[in-house]
Amino acid sequence: MGSELARAVQRGEAGPARIIGLFDEYVPGRSALAKELGLNQEPAPAEVDSVSELIALPGLDLVVECASQAAVIAHAEAVLSAGKSMLVMSSGALISPGFMQTVLAAAEASGASIYVPSGAVGGIDALRASKALLEEVTIVSTKRPIALSGAPGFAEWENVEITGPTVIFEGSATEAVGLFPANVNVAATVSMAGIGPDATKVRIVADPDSPGNVHEIYAVSRAGKFSLRFENMPHETNPKTSFLAVLAAIETLRSICEPGLRIGT
Ligand SMILES: NC(=O)c1ccc[n+]([C@@H]2O[C@H](COP(=O)([O-])OP(=O)(O)OC[C@H]3O[C@@H](n4cnc5c(N)ncnc54)[C@H](O)[C@@H]3O)[C@@H](O)[C@H]2O)c1
């Protein structure tokens, strides 16, 4: 996702945003990307060995995280304390117990902002707007078993042949986050926009015939009921990631960097 976002920035899709530097603990990956981006940009983006080097780069205003929940937990406080805003894709990290208070305190002290794109779903605007009136929010995520493989919450299913839609997990977003770290970013984002991670209900379904990663959001509020369904295509260069999540990250970056009309924010 980070590579696609960087390419989109270079194509001008995020308005005046410019890439100052790149960090990834996987050195061959980041070197290849730095080389590619350097062909189209003068001066070329710096390739750095740590987040502390990254936030020290002159001209850097915002750190875009497309890495992992562990990366957010390890680095967000330092980034925000240094007065650099953050765009967070691994939003599940933000609902880890106690972590939201830590990052909000760091952001408030320095004046930095934390941006969480809508990711692989929509309707975040409606959840935010009706937050005070929400009575129930449920998110159902249906994926092929291979997309859940490796998650701690899928361990007992790894060697089971799943032949039809099978409920793997039912609980709160808070409970889901540690069990399905790579799969609950959408639930985390929905929960932060709406009634919070303890009250947001999450159902994870494995279905070998799922057309892709499918997310359904059902909300009941005193302002009305709404239901939304997203049948996501995988991104062509990264099948683990939904195409829409990449587009949402680009659009959030554009709306941060480009002055002018704001729709639905
Ligand atoms: N919010 C959403 O809707 C949404 C949708 C899709 C993916 N995501 C999340 O976004 C993140 C990126 O997704 P992706 O598909 O690009 O993942 P990916 O695994 O393809 O790429 C992640 C990259 O980050 C690097 N990385 C991981 N942890 C790191 C660390 N601690 N320090 C430095 N580098 C680190 C890895 O080496 C890798 O190159 C994941 O956490 C994923 O779960 C969120």
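1. Three strands make up an open sheet in the order 3-4-5, with parallel pairing; strands pair if DSSP finds at least two bridges between them. Strand 3 (62-65) and strand 5 (114-115) stand at the edges with a single partner strand each, so one side of each has no neighbour in the sheet. Helices (H or I, at least four residues) and strands (E, at least two) are DSSP runs, numbered from the N terminus.

2. The model is predicted: local features need pLDDT of at least 70 and side-chain atom pairs count only at pLDDT 80 or more, while totals for chains, interfaces and linings use all residues. Residues are numbered from 1 along each chain as its sequence is written.

3. Within the parallel sheet, strand 3 and strand 4 (residues 85-88) are joined over 4 bridges in the parallel sense. V64 has L87 in strand 4 as its bridge partner. Helix 4 lies across strand 3, strand 4 and strand 5, and runs at about 155 degrees to strand 4. Axes are lines fitted to C-alpha atoms, for helices over the stretch in contact, with angles from 0 to 180 degrees between N-to-C directions.

4. A further open sheet is formed by 5 strands in the order 7-8-6-9-10, and its pairing is mixed. Its edges are strand 7 (166-172) and strand 10 (224-232); each has a single partner strand, so one side of each is left without a neighbour in the sheet. On average, neighbouring strands of this sheet are turned by 10 degrees against each other, direction ignored.

5. Strand 9 (residues 213-221) pairs with strand 10 in the antiparallel sense, over 9 bridges. E216 stands opposite R229 in strand 10. Helix 9 packs on this sheet, where it touches strand 6 (134-143), strand 8 (201-206) and strand 9, and its direction makes about 170 degrees with that of strand 6.

6. The chain is divided into domain 1 (2-119 + 244-257) and domain 2 (124-232), with bounds from an automatic or database domain assignment. Their C-alpha centres lie 25 Å apart. In the interface, 12 residues of domain 1 are in contact with 15 residues of domain 2; contact requires C-beta atoms, placed from the backbone, within 7 Å. The side of domain 1 that touches domain 2 has 5 nonpolar, 7 polar and no charged residues. Here Ala, Val, Leu, Ile, Met, Phe, Trp, Tyr, Cys and Pro count as nonpolar, Asp, Glu, Lys and Arg as charged, and the others, Gly among them, as polar.

7. Around the ligand there are 27 residues, of which M1, Y26, A71, G119 and A245 come nearest; a residue is near if its C-beta atom, placed from the backbone, lies within 6 Å. Helix 4 (69-81) and helix 9 (185-193) are the elements that give two or more residues to this shell, and helix 4 gives the most, with 4 residues. The shell has 12 nonpolar, 12 polar and 3 charged residues. Both domain 1 and domain 2 give residues to the shell, so the ligand lies between them.

8. The peptide bond from E42 to P43 is cis, with omega near -5 degrees. P43 is placed in the loop between helix 2 (27-38) and strand 2 (46-47). In general, most peptide bonds are trans.

9. Overall, the chain has 10 helices and 10 strands. Its C-alpha atoms fill a box of roughly 50 × 40 × 35 Å, taken along the principal axes.

Conventions
Contact = placed C-beta atoms within 7 Å.
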